[in-house]
Amino acid sequence: MKNKNNIICLGVNELFQDKQLHYPATTLPSLCFFEFTQTLQHIIDNAIKLLFEQRLHEVTIQTSNVNWYFNLTDRYHHNIRSLMHVDAMTISFSGSLRPYKQSHFSTAKISINQLKFNQIPISSINLEQLTIPLAKGLINKIQQLSRQYSEQEDLYYGIEPIVNELRALDEKVAFALHIDSESQLSLLNIKGNQIYAKMETLEIEMNYLSEQLLYQVFGLTKGDWLSYKPQNDATLTQLQFEHCRVYDNTLNIIGPGITKAGILGKREQYINIEFGVVE
Amino acid sequence: MNIQKLLSSVRQAKKFRPLNDFHRSPRSGIDVIDKEFNDVLFLLKELFKQFKASGCKIDISFYGEVFVSLPESVHRFELAISNRPTIKNAEVLLKKLESIQIVKLDNIDIDDTLVVSIKTIRSRAKWKHYSVSEFKSDYCEFADTILKELRQRVRYYNNPDSNEWTVNDSSTEDKLAAIHFGGALLGPASMLSYLSKHLRKVIYVKDLSITGNQITVNKSYFTEETNHYFGKKEEAFFDKYLLGYAAMRIEHDNHN
């Protein structure tokens with residue numbers, strides 16, 4: 001008796017990457033079959049590790065583990081180059097029939113968690129791990145950025161009332177002000193936009209560092225199932241890690257909650273980790 | 001023809017198989033993963049031996065189709081070897097996948113897909129599939145099972161096939177497939193790629209001829225003919241992939 005195999009079947013859609021080429025309908029597969037094996041899981045894990053280490057969005061790997069089924073001929077066609085696309089939470093497959101060189105069909109993106117046969121393990125967050133030097137260093141960096149962020153934020157919201165006042169004054173008063181209000185206004189606007197852009201870069205950097213913190217300290221990546229129990233609270237929060245952000249001294253982990261039945265719920269849940277606790 | 005010769009024709013025809021990917025009614029034959037090809041040739045050899053012993057006639061076409069005919073009957077059969085999943089109904093899966101992203105199947109084995117299929121050359125005949133692993137290299141039994149099926153089928157056919165049949169016939173679909181494949185192979189700048197794009201919009205092609213350096217497309221019952229001229233690159237391509245092209249060219253040259 002063979003082990004229970006985990007065969008996954010996906011639909012296939014045409015992919016338009018090159019406007020010059022229109023592909024005949026006979027070159028489009030109907031279904032994509034592949035087996036979700038330990039080896040494949042390993043390849044995906046490695047790809048995700050690479051994503052984190054190199055700050056990539058997606059990793060593409062050539063693979064021979066997929067079979068493309070054509071309804072017209074009722075069989076697999078082998079004359080196909082297949083690629084596997086891995087991002088933090090999903091995978092998809094694309095392919096091109098030889099002699100084409102560009103991928104011209106693709107499957108939908110499917111969540112990696114959905115592929116697994118077994119129950120997904122729920123890892124708990126242990127705050128004590130935040131006291132190791134690596135964590136402390138990262139937290140320091142995040143806090144530093146967070147301080148910069150709030151300074152910029154103060155500045156941004158400080159400019160706003162002035163702009164509003166100036167604009168109101170400009171409209172009320174018929175004759176020209178002594179200062180050239182027009183140019184002042186546009187100067188302030190430009191400054192405001194610059195600050196906003198800076199805030200955005202800071203935010204991206206903070207999110208990246210907090211993802212790194214969760215990955216390097218707790219070993220968590222997007223798509224993992226987490227549980228957390230705050231120190232002075234009895235309620236247990238369980239959720240699937242979808243994204244995280246930093247606000248002041250708190251790291252929020254956000255994602256859909258896990259219900260008692262052990263499936264993903266619809267409501268968004270939060271886990272808040274305060275950095276202040278560590279110091 | 002002896003068995004070794006038959007097998008070498010199958011091997012030679014392997015290079016024409018990619019045409020099938022562009023064919024609207026693909027030809028049968030041997031379509032397996034490269035690493036399985038030699039095993040399949042061995043299987044074919046053993047089957048041919050048994051067929052020959054029973055007095056069957058075997059033909060291999062230009063495109064690598066395998067035809068078998070029984071000594072007592074005029075009916076012919078196609079034999080195909082390919083990898084196919086053991087799913088009963090692909091339509092059901094396709095329908096399901098319209099609304100959901102993913103279907104998990106645990107009753108099929110993706111590594112065990114080698115299948116021998118047979119079909120009568122007759123309109124509306126259905127394929128019958130045999131999984132190779134079922135016979136555990138008992139080729140004698142395998143061949144007997146196939147022959148038994150053929151004999152059973154023949155018994156129900158009361159009228160002999162009236163259709164003229166030749167091993168190597170060349171249809172309009174073959175030429176269309178060659179044009180589409182040529183377009184893909186020679187690249188988007190080629191004349192065939194342009195013609196392939198154009199022909200995909202045409203609903204019905206009544207007749208198509210490729211001779212010399214010219215493709216003539218007859219699109220409907222009215223005399224609506226278009227001529228398309230091609231160069232050396234396309235000539236070399238048709239020489240290699242189109243059955244009967246070389247012969248046609250000689251005819252054309254004689255005309256001039």
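User: Which residues touch the most other members in the largest nonpolar core?
Analyst: They are A:Cys9, A:Leu10, A:Leu31, A:Cys32, A:Phe33, A:Trp68 and B:Ala178, out of 50 residues in that core. The largest share, six residues, comes from helix α5 (residues 172-186) of chain B. Keep in mind that this is a predicted model, where local features need pLDDT of at least 70, side-chain atom pairs count only at pLDDT 80 or more, and totals for chains, interfaces and linings use all residues. Residues are numbered from 1 along each chain as its sequence is written, while chains are lettered from A and ligands numbered from 1 in the order in which they are written.

User: OK, what's a nonpolar core?
Analyst: It's a set of buried Ala, Val, Leu, Ile, Met, Phe, Trp, Tyr and Cys residues joined through C-beta atoms within 7 Å. Buried means that 20 or more other C-beta atoms lie within 10 Å of a residue's own; exposed means 12 or fewer, and partly exposed is in between, with C-beta atoms placed from the backbone.

User: What does A:Trp68 touch?
Analyst: Not counting residues up to four places away in sequence, A:Trp68 touches A:Pro29, A:Cys32, A:Tyr76, A:His77, A:Ile80 and A:Gly95. Contact here is C-beta atoms, placed from the backbone, within 7 Å.

User: Is A:Thr27 buried or exposed?
Analyst: A:Thr27 counts as buried because it has 21 C-beta neighbours inside 10 Å. You'll find A:Thr27 in the loop between β1 and β2 (31-35) of chain A. Leaving aside neighbours within four places in sequence, A:Thr27 is in contact with A:Leu97, B:Asp21 and B:Phe22.

User: And why does A:Glu151 count as partly exposed?
Analyst: Because A:Glu151 has 13 C-beta neighbours inside 10 Å. A:Glu151 is in helix α3 (residues 133-172) of chain A.

User: Switching topic: how many residues does each chain give to the contact between A and B?
Analyst: Chain B gives 32 residues and chain A gives 37 residues. On the chain B side, β4 (76-83), α3 (90-99), β5 (102-105), α5 and α6 (191-201) each give two or more residues. That side has 17 nonpolar, six polar and nine charged residues. For those classes, Ala, Val, Leu, Ile, Met, Phe, Trp, Tyr, Cys and Pro are nonpolar, Asp, Glu, Lys and Arg are charged, and the others, Gly among them, are polar.

User: Which strand of chain A is joined to β5(B)?
Analyst: Strand β1 (residues 7-14) of chain A, running antiparallel to β5(B), with four bridges. A:Ile7 has B:Leu105 as its bridge partner. Strands pair if DSSP finds at least two bridges between them. Helices (H or I, at least four residues) and strands (E, at least two) are DSSP runs, numbered from the N terminus.

User: What do β14(A) and β15(A) form?
Analyst: A hairpin with five residues between the two strands, and A:Gly262 in the turn has a positive phi of about 85 degrees. Strands β14 (residues 250-258) and β15 (residues 264-274) of chain A pair in the antiparallel sense over eight bridges. A:Ile253 is partnered with A:Ile271.

User: Last one: how is chain B divided?
Analyst: Into domain 1 (3-156) and domain 2 (172-255), with bounds from an automatic or database domain assignment. Their C-alpha centres lie 30 Å apart. The contact takes eight residues from domain 1 of chain B and seven residues from domain 2 of chain B.

Methods. Two residues are in contact if their C-beta atoms, placed from the backbone, lie within 7 Å.
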